[in-house]
Amino acid sequence: MQNIQFIDNYSKNTDLLNIINKIIKQNDIQLNDVISLLETKDIQHLGLVSNYLREIQFGKTVTFINNLILNYTNVCITNCKFCAFYRPPNHQESYTVSQDEILKRIIFAKSNFNIKQVLFQGGHNPKLNIEYFEEIFRTISLKCPDVAIHGLSASEIDMISKVSRSSTKEVLQRLKKSGLASLPGAGAEILDDEVKDIISPLKISSDTWLRIMEEAHLLGIKSSATMMYGTVESIEQRARHLMKILSLQRKTNGFMAFIPWSFEPNKTEMQDKGLVRYPLGGFELLKMISVSRIIFHGLIDHLQSSWLTNGVGMAQLAIFHGSDDFGGTLIGEEVVSATGARSTELLAGNIINSIKAMKFTPAERNNNYEIIKYY
Ligand code: SF4
């Protein structure tokens with residue numbers, strides 16, 4: 001890593017330099033180091049390092065995936081205070097998408113947008129047992145074998161295990177057999193139970209999220225890891241979250257990507273109660289992306305920019321702060337759109353043009369982050 005010397009020469013921020021050098025050159029990451037990185041206002045310095053780390057690994061390539069989001073049900077009994085999407089059982093706006101409709105949407109998205117992934121994401125619906133998911137996953141695998149099923153957060157897996165009275169490990173085994181390819185990282189929010197007790201007291205604990213992820217990795221099911229920041233957490237709690245992800249990755253090597261999300265408070269109970277009044281915005285996003293690239297360097301390869309919650313312009317800037325993946329086209333997204341934040345789907349052409357506008361090379365990838373086409 002001798003080339004990082006140019007940054008040493010450029011910067012006069014010696015405290016920050018010492019921490020970055022310790023992390024990158026000696027692979028020594030302590031909680032206090034992560035806190036210091038998250039507390040700095042010097043995002044130009046962080047950006048120089050994180051952009052350099054992205055560049056040596058990915059050159060000028062930035063990836064994306066053509067995908068469909070299937071928010072199969074908005075019925076949920078977990079009532080997270082940050083969520084504008086869910087409806088209680090029997091609410092007049094509640095829905096559960098039928099198996100026929102799910103298949104119809106996937107086949108439509110396959111023929112019109114050549115999707116390579118369907119992202120299954122829904123509420124904790126006490127009426128949906130494991131057979132519902134097994135049946136639909138089997139059908140998708142049979143009818144659309146080249147569309148990977150990236151689905152069900154750790155908390156949905158936990159819910160299915162409760163409804164079906166089986167262990168989470170057994171649920172994962174059965175779903176893998178039915179065609180589940182990988183797990184999204186949703187449901188982590190901040191892996192600190194003091195935060196969870198405030199923002200999502202009925203949701204799984206931090207340890208349960210980590211346990212289910214570990215079970216999945218040991219069964220050969222890869223996953224993403226996420227962080228939803230910008231609610232009530234402290235910088236130290238964010239740092240602890242990152243350290244927990246780091247520690248599990250050292251053990252299982254099962255995370256393919258890390259995705260920091262910024263919380264969108266619009267139309268949520270947290271905003272109604274005055275707990276969070278506004279989203280944190282671009283400065284914090286670029287810092288989160290940079291810090292993630294620095295501390296996960298050599299451990300988690302891919303870092304997604306969050307165009308969904310921060311917009312395309314910020315996702316472009318995120319590339320210069322260490323992000324190598326633009327995420328998905330997200331056709332059909334309904335969770336973030338429930339906040340009214342912004343348009344929540346992009347066509348591949350929009351993503352390709354946004355990447356080209358930054359003089360990078362867009363590349364379409366599959367569910368395993370393998371490149372299938374350069375543009
Ligand atoms: S975030 Fe998920 S678990 Fe929480 S209320 Fe919304 S749909 Fe339910």
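In what order do the four strands of the open sheet with mixed pairing lie? The order is 9-1-10-11. This is a predicted model, in which local features need pLDDT of at least 70 and side-chain atom pairs count only at pLDDT 80 or more, while totals for chains, interfaces and linings use all residues. Residues are numbered from 1 along each chain as its sequence is written.

**Stop 1**

Helices (H or I, at least four residues) and strands (E, at least two) are DSSP runs, numbered from the N terminus. Two strands pair if DSSP finds at least two bridges between them.

Select strand 9 (325–328) and strand 11. They stand at the edges, each with a single partner strand, so one side of each has no neighbour in the sheet. On average, neighbouring strands of this sheet are turned by 25° against each other, direction ignored; angles here run from 0 to 180 degrees between N-to-C directions, and axes are lines fitted to C-alpha atoms, for helices over the stretch in contact.

Next select strand 1 (residues 61–65), which pairs with strand 10 in the parallel sense over four bridges. Thr 61 has Thr 361 of strand 10 as its bridge partner, and Phe 64 stands opposite Glu 364 in strand 10.

Move on to strand 10 (residues 361–365) and strand 11 (residues 371–374), which run antiparallel and are joined by three bridges. Here Glu 364 is opposite Lys 373 in strand 11, and Arg 365 is opposite Ile 371 in strand 11. Five residues lie between the strands of this hairpin, and Tyr 369 takes a positive phi near 65°.

**Stop 2**

Now show the open sheet of seven strands, ordered 2-3-4-5-6-7-8 with parallel pairing. Strand 2 (67–70) and strand 8 (302–303) are at the edges, each with a single partner strand, so one side of each is left without a neighbour in the sheet.

Strand 2 runs parallel to strand 3 (residues 117–120), and four bridges join them. Select Leu 68 to find its bridge partner in strand 3, Val 118. Two residues are in contact if their C-beta atoms, placed from the backbone, lie within 7 Å.

**Stop 3: helix 2 and helix 3**

Select helix 2 (residues 14–26) and helix 3 (residues 31–39), which pack at an angle of about 130° with their axes 10 Å apart. The two helices are therefore oblique to each other (angles under 35 degrees count as roughly parallel, over 145 as roughly antiparallel, 65 to 115 as roughly perpendicular and the rest as oblique). Ile 19, Lys 22 and Ile 23 of helix 2 make the contact with Asp 33, Ser 36 and Leu 37 of helix 3.

**Stop 4: the ligand**

Finally, select the residues around the ligand, among them Cys 76, Cys 80, Cys 83, His 124 and Lys 203. A residue is near a molecule or strand if its C-beta atom, placed from the backbone, lies within 6 Å of it.
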